[in-house]
Structures are given as structure tokens and as C-alpha cells.
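Subject: Structure handover

Dear colleague,

I am passing on the structure we discussed. Please look it over alongside the notes that follow.

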Amino acid sequence: MSKDWVRWHQEYDAQGSSLGRRLEVVRRDLRRALGTSPSEPDGTRRLISICAGDGRDVLPVIAEHDRRVRALLVELDPTLARRARETADDLGLSSVEIRTADAGDAGTYLDVRPAHILLACGVFGNVGDDDVRRTVAALPTLLVAGGIVIWTRARADDGSDPSQWVRTLFAEHGFTELSFTAPDDARFRVGMHRLAGAVRHGALSDRLFTFRASGAG
Ligand SMILES: C[S@@+](CC[C@H](N)C(=O)[O-])C[C@H]1O[C@@H](n2cnc3c(N)ncnc32)[C@H](O)[C@@H]1O
């Protein structure tokens with residue numbers, strides 16, 4: 001049975017929750033990315049959030065800091081996608097597309113132009129290692145040169161920290177690290193990487209990832 005992602009989002013609202021703290025870090029990093037990522041000559045930026053949930057990490061930040069951002073939020077769950085749409089409408093954001101689609105299917109991105117900022121939050125802990133590898137390897141195809149990725153990966157229950165491996169994957173695929181946030185008293189980790197190496201634009205050929213049935217978040 002697949003995980004109830006609507007329910008998963010409820011932890012955001014619990015006072016002092018780890019997820020709430022993670023949200024603040026992701027929003028902070030996104031504000032930084034909006035100030036430092038490349039943009040089009042007219043100052044606009046394209047942003048993609050894969051497995052976007054209800055969009056609470058992206059939508060309030062672009063509403064407050066840069067309403068010109070053209071955001072594409074890809075979310076499979078129709079309830080969460082509808083919530084994201086309602087939030088975008090409430091915030092008066094007209095340049096946001098909520099795509100109720102499979103973010104792991106390369107075909108979802110066929111008509112998508114490379115982004116200046118990409119969020120992959122709550123993804124790498126829910127898919128197998130091969131899928132993490134494939135997804136990080138594919139990210140340069142979805143980004144402009146100098147584009148910034150914000151990603152998360154939690155420390156495991158046994159104390160191991162797979163985020164360290166994810167950091168090495170980004171390094172191997174042409175990214176330089178801008179920040180890595182790993183509080184001692186929380187399991188979440190948030191990385192921010194800039195694409196420094198060669199850009200390989202062209203259609204993605206493979207499936208990127210499939211969520212495991214019992215995701216970790
Ligand atoms: C751990 S949550 C993260 C949500 C959001 N990025 C955040 O950090 O708040 C994972 C999200 O991925 C969505 N999801 C799962 N499989 C997906 C897929 N193949 N394509 C798009 N979204 C997917 C779930 O519905 C859920 O909203």
C-alpha cells in the first residue's frame with residue numbers, strides 16, 4: 001500500500017516538529033538561491049519542484065521575494081496538488097503551474113525548459129540508491145548552467161547518514177556545494193548545490209525514480 005502523503009504533511013503543523021524546522025531551512029536556502037542563481041536577461045527565473053507536496057516550501061517564498069518566478073510544481077497526489085493550486089491562487093501567483101503528474105517519469109519534462117532553481121525535497125529518502133544515482137545524474141539536463149538544486153535526505157534510524165553519499169554524488173556530476181545544513185539534534189539534512197560543470201541539454205531517456213511503497217519522508 002502506498003503511503004498517505006496528505007497525512008505525512010500534518011507533521012508540518014506540529015509545534016517544533018523536525019519537519020517544520022526542515023521547512024524553515026529549505027525556505028531560507030530558496031531565498032538565497034533566488035538572490036544568487038542565474039536568471040533570464042529580463043530577471044525572470046524558472047523553478048521546478050519535483051514531488052512538490054502542497055508547495056508550502058516554494059509558494060510563500062516566491063510570493064514574498066520574487067513574484068516573477070515561473071514555477072512548475074510536479075506532484076502525483078491530486079489532493080496535495082489541489083492544495084498547492086489553491087495556495088498559489090490565494091497568494092495571487094499567476095506564473096505557477098501545478099502539474100499532477102509522475103515526477104519520476106522522464107516524459108513529464110518533455111516540454112519543460114531548463115530551470116534556474118530545482119527543489120528535490122523529500123525524494124531521495126523514498127527511493128532506492130540506483131534511483132538516487134539516476135536522478136542526480138539527470139539533474140544537469142533539467143538545469144541551466146549555474147542552476148541551483150536544493151535537496152533533502154534524512155539520517156537513518158540506525159544513525160547512518162546517507163546524505164554524505166548524496167553529497168558525493170552531486171560532486172561527481174558537476175555540482176559544487178553552496179551549503180549543507182545538518183543540525184546535531186535533528187535527522188534532516190538540507191543540501192544546496194550549484195551546477196558548475198557541463199550542461200547536457202536534451203530529452204531525458206530513462207525513468208528517474210519510483211517511490212518505495214513504504215516511504216520514509
Ligand atoms: C516526502 S513528501 C515531500 C513533499 C514536499 N517536497 C516537501 O518536502 O514538503 C513526498 C511527496 O512526493 C509525492 N510523490 C510520490 N511519488 C511521486 C511521483 N512519482 N511523482 C510526483 N510526486 C510524487 C508524494 O505525494 C508526496 O507529496
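A residue counts as buried when its relative accessible area is under 20%, as exposed when that value is over 50%, and as partly exposed in between. This is the scale used below for the salt-bridge residues. Please keep in mind that the model is predicted.

Salt bridges

Searching the whole structure gives 19 salt bridges. In general, side chains of opposite charge can pair when their charged atoms come close.

Asp54 has a relative accessibility of 9%, so Asp54 is classed as buried.

Another links Arg99 and Glu97, whose closest N and O atoms are 2.9 Å apart. Are these two partners buried or partly exposed? Arg99 is buried because its relative accessibility is 17%. Glu97, at 36% relative accessibility, is partly exposed.

Arg187 and Asp157 also form a salt bridge, and in this pair the closest N and O atoms are 3.2 Å apart.

Ligand site

- Arg22 places a polar side-chain atom 2.6 Å from a ligand oxygen atom.
- Asp102 has a polar side-chain atom 2.8 Å from a nitrogen atom of the ligand.
- Ala103 takes part through its backbone, with a polar atom 2.8 Å from a ligand nitrogen atom.

On its own the ligand has 590 Å² of accessible area, and the protein covers 96% of that.

Regards

Notes:
Residues numbered from 1 in each chain as written. Predicted model: local features only at pLDDT ≥ 70, side-chain atom pairs only at ≥ 80, totals over all residues. Heavy atoms only, no water. Polar contact = N/O pair within 3.5 Å; in protein donor to acceptor, adjacent residues only side chain to side chain. Areas by Shrake-Rupley, 256 points an atom, 1.4 Å probe, with all protein chains shown as cover. Salt bridge = Lys/Arg side-chain N within 4 Å of Asp/Glu carboxyl O. Buried < 20%, exposed > 50% of the residue type's maximum accessible area, 1.4 Å probe, protein only.
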